[in-house]
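Colleague: I would like to learn how to read the packing in a protein model. Please take it one feature at a time.

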Amino acid sequence: MPAPDFPDAAPAAFTRALALATQAIGLTDPNPRVGCIILAADGRELGAGHTQAAGQAHAEVMALRDAAARGHDVRGATAVVTLEPCSHHGRTPPCCDALIAAGIARVMVAVQDPNPQVAGQGVDRLRAAGIDVQLADAGVADAARELNIGFFSRMQRGRPFVRLKSAISLDGRTALPDGRSQWITGEAARTDGHAWRRRAGAVLTGIGTVLADDPRLDVRLVPTPKQPLRLVLDPQQRLPAGARILQPPGEARVIGPGRADLPALLDDLGRQGINELHVEAGPTLSGAFLDAGLVDELLIYQAPMLIGEGRPLAALAPLAGLQQARRWQLVEATPVGQDLRLRLRPA
């Protein structure tokens, strides 16, 4: 079976595989979100799948199983996968071996795996078995990396990708002076915020927010296969036993370090397999993360209202001059209902 023409078949194939990979959000942590399709020479899809929960089948195996269930012979076919097939024994056998044993002739890879246990070895093993391996162009690679930005962060830096979320007014207020903030943004923005929570391995807040608002910080407004771990930073052990954040669904933990220990906390979360950390906190903790340079992305929902006197997004250390201000680069500005979703990263 001759393989589909490359690169003519690549854009649509990778788009399909990446769409499958997004279905793994909220499911696969600490493993990456991966999608795979298997194509015949005429471009027909023989099988498709995405990575399952940790310890279960990876995308390549799911696609091979799907092809077998459809009654298709995949010998000589092309596998299109959004991350380099693994070459090591973890909770599951190497995906490279499964592709080789199935008789796949070509593998199109969106981006190489940053895991030091793989990191090019998957490509090498496939090529050593006589399989033609093609790597995607930069645009596809970037999209595949974005989908697993937390996994890349943990593999390359040893800590999760930190996303700080806040809802603000046009004049930058997150609440009235007495702390009331329900609701600055509309229902659509709140639902969208839950979709971003779902991406995270853990959601972090401070004891001040818990005492003021008694939030649940779980994922309720969008479907999710599992709940992120909920963390409360509480150095003085003030958390009430009946706090809603301690209640099901999902697991919650209380952690004791103060702002000076935030880098160590991130390192520890990385060792625990947390890929993305979603921070929803008040001005004090948000300011501590920002002052320490630990925020990788700001997720801001801005509502079309003016509040006047109120609480700021973050309590930042004073600057001697504007030249010391940290600059941010706009990644995205998208209307969500009547509000505006902004994503920014350090410039």
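The dialogue below takes up a core and then a pair of helices.

Modeller: This is a predicted model, in which local features need pLDDT of at least 70, side-chain atom pairs count only at pLDDT 80 or more, and totals for chains, interfaces and linings use all residues. Residues are numbered from 1 along each chain as its sequence is written, and side-chain values use heavy atoms, with hydrogens and water left out.

Colleague: How many residues does the largest nonpolar core have?

Modeller: A nonpolar core is a set of buried Ala, Val, Leu, Ile, Met, Phe, Trp, Tyr and Cys residues joined through side-chain atoms within 4.5 Å; buried means under 20% relative accessible area (1.4 Å probe, protein chains only). Here the largest one has 46 residues, and Phe-14, Ile-38 and Val-74 are among those with the most contacts inside it.

Colleague: What is Val-74 in contact with, leaving aside its neighbours within four places in sequence?

Modeller: Contact means heavy atoms within 4.5 Å. On that basis Val-74 touches Ile-38, Leu-46, Leu-64, Ala-67, Ala-102, Gly-103 and Ile-104.

Colleague: How are two packed helices described?

Modeller: By the angle between their axes and the distance between the axes. Axes are lines fitted to C-alpha atoms over the stretch in contact, and angles run from 0 to 180 degrees between N-to-C directions. Helices α3 (residues 95–102) and α4 (residues 121–128) pack at about 20°, their axes 10 Å apart. Therefore α3 is roughly parallel to α4, a term for angles under 35 degrees. Cys-96, Asp-97, Leu-99 and Ile-100 in α3 meet Gly-122, Arg-125 and Leu-126 in α4.

Note on methods: Buried means under 20% relative accessible area, exposed over 50%, partly exposed in between (1.4 Å probe, protein chains only). Helices (H or I, at least four residues) and strands (E, at least two) are DSSP runs, numbered from the N terminus. Angles under 35 degrees count as roughly parallel, over 145 as roughly antiparallel, 65 to 115 as roughly perpendicular and the rest as oblique.
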